[in-house]
Every structure is written in C-alpha cells, then in structure tokens.
Amino acid sequence: MPGITDAKVERWLLGTVPPRTGEFAAVEEEAVRQGIPCIGPYEGHVLSQLAALAAARDILEIGTATGYSALWLARAVAGHGGRLTTVERDPTRAAVARANLARCGFGAVATVVEGDGFAFLEGGTSSFDFIFLDMVSALEQMAQVDRLFDLCMRRLAPGGVLVSDNALHAGQVADVPVPLGAQRYVRYNRLALAHPELDTVLLPVRDGLAVSRRIALASRG
Ligand SMILES: C[S@@+](CC[C@H](N)C(=O)[O-])C[C@H]1O[C@@H](n2cnc3c(N)ncnc32)[C@H](O)[C@@H]1O
C-alpha cells in the first residue's frame with residue numbers, strides 16, 4: 001500500500017529518524033527483504049514517541065507480524081519499567097517476533113502472545129494505557145470492526161491512548177464513493193471520532209494513524 005505523503009517528503013522524513021543499529025537494524029532489513037508487512041522506521045518512531053509522550057507503562061499491540069513495530073513500542077517503555085504485550089495469530093510469525101524482541105534486548109520487556117486478538121481482548125479484564133491496533137486490514141466484515149473497537153474500549157484505561165494503523169488507507173477514505181477495501185477504515189474512524197469518551201485525531205503518517213485519547217466525559221470542551 002503506497003504512503004499518502006509525497007515520496008520525496010517520505011524520503012526526507014526517513015532521514016530524520018534516529019539511526020537503527022545492530023540487531024534492530026538487522027530485524028528491519030529482514031522484514032523488508034522478506035516482504036513482511038510492517039510500519040517502517042518513520043511510523044515506528046512516531047509510535048514510539050506517542051507511547052513515550054503518553055507515559056505508557058502497559059502497552060498492548062494486536063497484530064505483531066515479526067515484531068518490528070513491537071521493537072519501537074518496547075523501546076518506548078523499556079527505560080521506565082513498562083511492559084509490552086503483543087498478540088499475533090500466525091504461529092510462525094509469533095515465534096520470529098519473540099526471537100527478534102529477545103535478540104534486540106527486549107525479551108524481559110515484551111511478551112508475545114500467540115493467538116487471536118479478539119480472544120485475547122475478550123479473555124481478560126486488566127486494562128492497558130496504550131493500545132496499538134495493526135490488524136483492521138484482516139477484518140472481513142463490518143461487524144468485526146465494531147466488535148474490535150468495543151473490545152478495545154473495554155480494555156483501554158482512563159486517560160489511555162488507542163492508536164489504529166492504515167486509518168487513511170492510501171487516501172481512499174476520502175474517495176466518493178469509498179472503495180470497498182477502505183470501508184472498514186472509514187467505519188473504524190467514525191466509531192473513534194464519534195465516541196463520547198474519545199478525543200480522536202487522524203494523522204497523515206505513512207498510511208494514516210487514528211490516535212484517540214480516552215477522556216473523562218465531563219472534560220470534553
Ligand atoms: C500489518 S501486520 C502487523 C505488522 C506489525 N505491526 C509491524 O508493523 O511490524 C498484521 C498482522 O496481524 C495479524 N493478525 C490478523 N488478524 C489477527 C487476529 N485476529 N489476531 C491476531 N493477529 C492477527 C496478521 O497475521 C499479521 O501478521
């Protein structure tokens with residue numbers, strides 16, 4: 001999926017990301033070489049900054065793939081005793097992600113759960129102060145978007161931040177009519193923008209990020 005920012009600007013922005021070295025750089029290079037879907041360095045840095053700005057201590061990611069975005073999230077919490085839980089339904093990818101996080105020094109910070117994201121969200125009651133959703137693309141029915149969103153709201157702590165990837169879907173969310181493939185993102189964005197306990201902003205980062213902060217009802221201006 002092409003980015004929505006001008007290619008020249010994308011390249012320039014890439015040059016502003018702190019250098020990745022050692023095993024981190026190797027994981028990045030492997031993901032690119034093997035064609036593993038991943039958020040890439042610029043969005044990774046944005047995500048890491050968002051988690052750090054939110055002072056996140058307990059992060060949940062749904063849709064790990066081989067752990068590239070998880071590295072950026074783990075990096076945000078590793079310095080202050082935070083934790084990352086990341087859920088991936090593909091057993092091979094989950095195992096690679098576990099190994100990648102360990103080789104980058106995040107084995108004690110991050111837990112890779114092999115399983116279905118819906119089942120994980122339904123199966124617990126603890127809350128997370130930062131949730132990164134990177135699996136809306138796998139949802140085939142609109143009702144699954146609603147269910148996923150509701151489950152995330154159930155597990156999002158007061159003041160917590162909910163981030164969803166591909167929110168602009170190559171800019172197709174702005175097309176009239178909206179192409180079928182983009183409709184699930186339009187649905188997610190609508191839910192996030194309309195929820196009375198969320199303050200949501202859509203950022204044109206790579207393929208788009210929907211960033212929502214859970215606010216107390218009384219504090220909405
Ligand atoms: C776009 S990739 C994730 C990329 C990763 N976040 C990164 O940037 O490095 C989406 C992943 O979500 C996983 N996935 C799809 N549906 C899922 C579900 N219901 N539960 C858990 N994982 C799921 C897919 O197997 C795939 O590896």
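## A tour starting at the ligand

Select the ligand first: 19 residues surround it, and the closest are Ser69, Glu88, Arg93, Gly117 and Asp134, where a residue counts as near if one of its heavy atoms lies within 4 Å of the molecule. This is a predicted model, in which local features need pLDDT of at least 70 and side-chain atom pairs count only at pLDDT 80 or more, while totals for chains, interfaces and linings use all residues. Residues are numbered from 1 along each chain as its sequence is written, and side-chain values use heavy atoms, with hydrogens and water left out.

Stay with the ligand and colour its shell by residue class: there are eight nonpolar, five polar and six charged residues, with Ala, Val, Leu, Ile, Met, Phe, Trp, Tyr, Cys and Pro taken as nonpolar, Asp, Glu, Lys and Arg as charged, and the others, Gly among them, as polar.

Next, show the polar contacts, which are pairs of N or O atoms within 3.5 Å. A polar side-chain atom of Glu88 lies 2.6 Å from an oxygen atom of the ligand, and a polar side-chain atom of Arg93 lies 2.7 Å from an oxygen atom of the ligand. At Tyr68 look at the backbone instead, where an N or O atom lies 3.5 Å from an oxygen atom of the ligand. The protein covers 92% of the 600 Å² of accessible area that the ligand has on its own, an area computed by the Shrake-Rupley method with a 1.4 Å probe.

Now turn to the secondary structure around the ligand, and select helix H4 (68-78) and strand E2 (83-88), each of which supplies at least two residues of the shell. Helices (H or I, at least four residues) and strands (E, at least two) are DSSP runs, numbered from the N terminus.

Between these two elements, select Gly81, which is found in the loop between H4 and E2. Is Gly81 buried or exposed? At 54% relative accessibility, Gly81 counts as exposed, the terms being buried for under 20% relative accessible area, exposed for over 50% and partly exposed in between, with a 1.4 Å probe and protein chains only.

Leu60 is found in strand E1 (residues 58-62) and is buried, with a relative accessible area of 0%. Leu156 lies in strand E5 and also counts as buried, at 4% relative accessibility. If you draw a line from Leu156 to Gln49, it spans 19 Å from C-alpha to C-alpha, for two residues that are 107 residues apart in sequence.

The last stops concern the backbone. Most residues other than glycine have a negative phi, and most peptide bonds are trans. Select Ala170, in the loop between E5 and H8, where phi is near 55 degrees, a positive value in a residue other than glycine; Ala170 is partly exposed, with a relative accessible area of 25%. Move on to Pro177, in the loop between strand E5 (156-165) and helix H8 (183-194), and you will find a cis peptide bond that joins Val176 and Pro177, with omega about -5 degrees. Finish at Arg206, in the loop between strand E6 (198-203) and strand E7 (209-214), where phi is near 50 degrees, again a positive value in a residue other than glycine.

Note on methods:
A polar contact is a pair of N or O atoms within 3.5 Å; within protein, one must be able to donate a hydrogen and the other to accept it, and residues adjacent in sequence count only if both atoms are side-chain atoms.
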